[in-house]
Amino acid sequence: MKEELKKIELLLENPNKIQEVALKNILKSLFPKISNHIDNYIGDYPTFIEPVYLAENVQIGDDVLLGPNVYIGSNVKIGNYVELSNTIIFDNVSIGNNFKLENCLIAPNSHLNFENFKCKSSVLIGDAASEKDLRKIIF
Amino acid sequence: MHENNEEEISRIKELESINLASPEIRDSVVSTKKSIEKENELLASKINTTLKTHNIKSFDIVGAIGAGKTEIISQIVEKLYTKYKILVICGDIITRVDANRIEAHNADTVQINTGRECALNAYHIHQIIKNKDLNKYDLLFIENVGNLICPSDFILGTDKRIVVVSITEGEWVIEKHPMLFKMSDIAVINKIDLKERLGTNVDKMINDAKRINPNIEIITTSAKKDTNIDKLISHMGL
């Protein structure tokens, strides 16, 4: 799992040059390797559909559904009414209320500080106070 | 819609009682509730079609905590794993205890921790089966969250539903929970090995089940003692 995550992080360092096929192949390799690790979050009781891996210091809001195939890095804050499936969130990220992400990646140190956002098959990057501020690369 | 009304609707959905809605939002709450029920039914139908297309027989097993659902499933899996490729989806508020127990008997498992939700719904099942290679399986069990109330709100798209009660819950348990028995195909009265010690009126339990649902098949079992598990498997058509 760590190997694939590292490869994805390297790809995200050059977002202009992300190769769709390479990314899809890494994700295909990664998802079966996500192990379940969910006993260490801060927050109320979300719904988990395994496998879901939570790193350190993950804060989760109310009425959240995570999984299957979700990895959440350390120091991540997830708002209320969020649903994530087949999604990777790297370290030091925050996302707002009422997000529904399917097959997405959020780059490290991104802060999506807005609400009511649905997205599929995209890389999401940057600090954004609204959807229009967000860098989105569809794959 | 005003932000306070949205919050109130959210709170009322959690409480699942439209009677708590203030008059100005009652219609919205009723409409939302109906919409959710319809969506669940549509999704359950889609799940059933998908499973049938892959020739997967499927069972939803409901019952209170401690009725014996996990032990029954474990026993069935132990007897059938050489004949079927089995997937078991386990629903619990928290922990992976049941999935771990069943895995020891040679089935693949997926655990859903529902947090604050007291039953699995069709969306949970849909999310699992759309991410699974269904060609690997021909038998699916879903062990629902342990209680005799909430699972009646959501059908899951399986071929049959089995409700499990145990004689340790008392002889009035079926009379007090008619909805799930109306919606089930098979009723299992478990822990029958304790009948003499407890003096539970099992005949009343059987009569109650038949009165509520004349078509329901009823089997008394002891999962621990392997009593009538083969008979249950036969009733399931496996």
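## Asn97 of chain A

Asn97(A) is partly exposed, with 16 other C-beta atoms within 10 Å. That count falls between the two cut-offs: a residue is buried at 20 or more such neighbours and exposed at 12 or fewer. The model is predicted. Asn97(A) sits in the loop between S10 and strand S11 (99–106) of chain A.

Which residues does Asn97(A) touch, leaving aside those up to four places away in sequence? They are Gly79(A), Asn80(A), Tyr81(A) and Glu115(A). Asp62(A) is 35 residues from Asn97(A) in sequence. In space, the C-alpha atoms of Asn97(A) and Asp62(A) are 9.4 Å apart.

## Chain A as a whole

Chain A has 2 helices and 15 strands. Its radius of gyration is 14 Å, close to the 14 Å that the globule rule gives for 139 residues, so chain A is as compact as a globular protein of that length. Along the principal axes, the C-alpha atoms fill a box of roughly 40 × 35 × 20 Å.

Of the 139 residues of chain A, 38% count as buried. Now take the contacts in chain A with a separation of 6 or more. Residues 24 or more positions apart account for 13% of them.

Most residues other than glycine have a negative phi. Asn92(A) has a positive value, with phi near 60°. Asn116(A) also has a positive phi, near 60°.

Where do these residues lie? Asn92(A) is in the loop between strand S9 (87–89) and strand S10 (94–95) of chain A. Asn116(A) is in the loop between strand S12 (111–112) and strand S13 (117–125) of chain A.

Is Asn116(A) buried or exposed? Asn116(A) counts as exposed, because it has 11 C-beta neighbours inside 10 Å and the exposed class takes 12 or fewer. Asn92(A) is partly exposed, with 16 other C-beta atoms within 10 Å.

## Two cis peptide bonds

Most peptide bonds are trans. The bond from Glu50(A) to Pro51(A) is cis, with omega near 5°. Pro51(A) lies in the loop between S2 and strand S3 (52–54) of chain A.

The bond from Gly67(A) to Pro68(A) is cis too, with omega near 0°. Pro68(A) is placed in the loop between strand S5 (65–66) and strand S6 (70–72) of chain A.

## Where chain A meets chain B

How many residues of chain A are in contact with chain B? The count is 9 residues of chain A, in contact with 13 residues of chain B. Strand S2 (residues 47–49) of chain A gives the most to the chain A side, with 3 residues. By class, that side has 5 nonpolar, 3 polar and 1 charged residues.

2 bridges join S2(A) to strand S3 (residues 108–113) of chain B. The two strands run antiparallel. Phe48(A) has Asn113(B) as its bridge partner in S3(B).

## The largest nonpolar core

In soluble globular proteins, nonpolar side chains tend to be buried together. Here the largest nonpolar core has 96 residues. Which members touch the most other members? They are Val88(B), Ile89(B), Ala122(B), Ile125(B) and Leu156(B).

Take Val88(B) and set aside residues up to four places away in sequence. Val88(B) then touches Ile73(B), Val77(B), Ile102(B), Ala107(B), Thr109(B), Phe141(B) and Glu143(B).

Note on methods
Residues numbered from 1 in each chain as written. Chains lettered and ligands numbered in written order. Predicted model: local features only at pLDDT ≥ 70, side-chain atom pairs only at ≥ 80, totals over all residues. Helix = DSSP H or I, 4+ residues; strand = E, 2+ residues; numbered from the N terminus. Rg over C-alpha atoms; globule rule 2.2 N^0.38 Å. Contact = placed C-beta atoms within 7 Å. Nonpolar A, V, L, I, M, F, W, Y, C, P; charged D, E, K, R; others polar. Pairing = 2+ DSSP bridges. Core = buried A, V, L, I, M, F, W, Y, C linked by C-beta atoms within 7 Å.
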